[in-house]
Amino acid sequence: MTITELKPRSNNAWIGKLPVVSHLKISSGLQRGMLIAGLILAGLFVLVALFAPVIAPFDFAQSADDSGDFPRQAAPDGKFIWGTTVSGFDVFSRTIFGARTAILVIIAAVMMSLFLGVFLGLISGYLGGWFDRIAVVLADAIYAFPSLLLAIVMSIVISQGQSGMLGGIMAAAVSITVVFVPQYFRVIRAEVMRLKAEPFVESAQVIGASPWRIMGVHLFRNATRTLPLIFTLNATEALLTLAGLGFLGFGIEPTSASEWGFDLNRAMADATSGIWWTGLFPGLGIVLTVLGLTLVGESMNDLNDPRLRRFSRRRAKRISQAGASK
Amino acid sequence: MNAVNSPEMAKPAVVLSVEDLNIDFVTDSGAVPAVRGVDFNVAPGEILAIVGESGSGKSVTARTALGMLAENGAAQGAVYLKGQDMLHLDAAELRAARGRDVSMVFQEPSTALNPVFTVGWQIMEGIRAHGKVSKKEARAQAIEAMRQVGIPDPESRVDYYPHQFSGGQKQRVVIAAALALKPALIVADEPTTALDVTVQAEILQLLRTLREELGTAIVIITHNMGVVADIADRVIVMNQGRIVEQAPAEQLFGQPRDDYTRSLLAAVPHLGRNSASEGLSERPHAQGEVVVEARDLRIHFPGRLGAPGFTAVDGVSLKIHAGEVYGLVGESGSGKTTIGRTIAGLNHMTDGSLNVLGYEMAQFKERNFKPLRRQIGFVFQDPAASFNPHLTVGECVAEPLRVHTSLNEREMRAKVASLLEAVQLPAGFAQRYPHELSGGQRQRASLGRALALDPKLLIADEPTSALDVSVQAKVLELFKELQDELGFAALFISHDLAVVDLLSTWVGVLYRGSLLEEGLGSQVLSNPRHAYTRRLIASLPVPDPAEQAQRRALIQSLNQQD
């Protein structure tokens, strides 16, 4: 074994620089196990969401087929492998399609809050002044509200509580956005305030670059370094908020889209009468997706910080012995 | 290694013995060799200096004496401290040895002390960690240790918090804590680098007395050849993880054997040699246009609510003529950087008058000043931080062109290539990112960026203080060449008199916000008028043990005059 062998290849380097891939490369031991477990779960979630129509045997709002109406609250068997619900929907199909709703809401919510939060954070952090003061007070006020309550209020305002597929998803996404914007805003603002005192920003000021140029060229990419991380961590929160909304009945109509939280709500009455399958599978869907995304996010967080990163002692020893014997 | 051939039995007169030490660090890009085959001994009461540039492995080597190694490091070989192999002790044995047999003095005294505990508490912590000592006894020992390092009135100051001490006194406290248990060896990692030269001279003097009084062996890690000449009995020169040369101090400075040692010594600026103002009798360029003129300039930073503010610059008057290099020297807190930043419009002035290129800074408005910015270049102290890490070097250098000119992409590329060529960097560097360049290369690129618009005035704020000596010499040479060629006026700010004298013809000495004296570099150095300047010159260590001994005597006589 030689030292050069361990160096990253300089060609096809851009693949190695992508957030998750680079993290996988530098990880080792338990951290690597956590990251890989998270990636598998998250990957499964995305695949299921993408290929839901192919995987699911029935539609999410289908309660009858050529052979007649589906049985209600039927236990798992050959045809309905995870049983059916009180409305006669197939639990397996609904759980599979639930992933699709979840991913759409996550993407929409996180994207919207990302753009808004980053934009406001840059302006507020760099220019300061009255805008900064007002924005900070507003963000603090939003923080003070319980996030689910705020999401409920927003969903009522946007869609009067109930709506179809797209409307429901957007309503859920916007409600979540309102809760998340202050978080992104705070992170970006703090980062910008720190970077503002860095010599490279001062050197741009000395050159005479305009504030917009400094924000766009010099601060933007440096301040958003940590975003992939918040992205994964917030994705789980978005999912939980969506499930919470659905559970409380402010989600999406069951005939418009399948949603895990709503299904859990409906399964509540079943649980006491021994019907476990209606609640277990949507619940598992939520738990595993949240677990997967959290594992990815937390591992990336630890790997980004060299102080939290673990090197395996054995690997260090082996490499150094190889180096010394040369 | 087994206990039979432990060096304590073979050679009793050795405190520390390092045998065939190899250290590697495992990083994301593989194993990086840090130390290769290092052997040396330290005798009781000896001061050994380990010298080398950054990355030479000097700190890593010395820290193994305390059994300190970063988690991603792997060490092989043996490090015997009083007979115990520090590389193979377990955590409890290591704790017992640290403080009792060996202790450490860190580079930055302000971060080595915990701000929320009194200094006495921090010294006592070490004392009470080893053996049962009552609080009263520990306190008495702490007071004794503080007295030993020359802190006046230790009985009351033992209860002071770190912020109530000056930087030099803080370093004395750190040394007192290291000394509290009278260890056989002290490892001092760049103990004076964060301090001003006048304070540095005092701390070195202290280390020397402690060695004489207590017989403590000291391993001092430094990159400063002047410090080595001042204090070391024996010197180890390290380069790229290997020992290049090991010799007594006089011999090393007198007849260096290795080429690397010779080049290192040659790169150290020597006070009074190669002065820019050599042979001049009056100020050159005095007839030239006045680029910067300050009259009674005052810069005041307001304090927090209720607290008094801080006057960084107090009534400074100076003139910089076109084509002249004005050298501004001062210690930390003297206001030299503040003056430079105010001229560049990064700080606001409070009172007096400051005229920059015909613009009165008292009425500073960014919009009105912006057109003048293209005539001012600025070189920052830390080349690593002054480049946007996400832009290539080419983009960074082109930034002033993008802001002030309307060149198209092709012209821009050609201009960047010619700028890089002017600062002696290969044109291919334009595509690289700043972190792929070494410190010296980055500072060259920084110079290139500052000169992109052919400015009339260049402000260089300690441009070489973050660089190794050999790199510093090359950057200074480049600066001099470019200045000769392009003829811009420059304000060269530095804490190092020798560096300033090398470049600037006219030198101003700044102390606590006031300009004490001004004059031709050679005159200020050979015939300083102010007592502070005399002390500053005497404190600057020169890389020559014999000359350094004379200078020590001079400092003492200066101290006695006060």
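Lys456(B) and Glu289(B) form a salt bridge, their closest N and O atoms lying 3.7 Å apart; the term denotes a side-chain nitrogen of Lys or Arg within 4 Å of a carboxyl oxygen of Asp or Glu. This pair links distant parts of the chain, 167 residues apart: Lys456(B) is in the loop between α17 and β17 (457–461), and Glu289(B) is in the loop between α12 (259–267) and β11 (290–301) of chain B. Lys456(B) is partly exposed at 40% relative accessible area, and Glu289(B) is partly exposed at 47%. Here buried means under 20% relative accessible area, exposed over 50%, and partly exposed in between (1.4 Å probe, protein chains only).

The model is predicted: local features need pLDDT of at least 70, side-chain atom pairs count only at pLDDT 80 or more, and totals for chains, interfaces and linings use all residues. Residues are numbered from 1 along each chain as its sequence is written, chains are lettered from A and ligands numbered from 1 in the order in which they are written, and side-chain values use heavy atoms, without hydrogens and water.

Over all chains, the structure holds 29 salt bridges. One of them joins Glu202(B) to Arg172(B), with 3.8 Å between the closest N and O atoms. Because Glu202(B) lies in helix α9 (residues 197–214) and Arg172(B) in helix α8 (residues 167–179) of chain B, the pair ties together parts 30 residues apart in sequence; helices are DSSP runs (H or I, at least four residues), as are strands (E, at least two), numbered from the N terminus. Glu202(B) is partly exposed at 38%, whereas Arg172(B) is buried at 14%.
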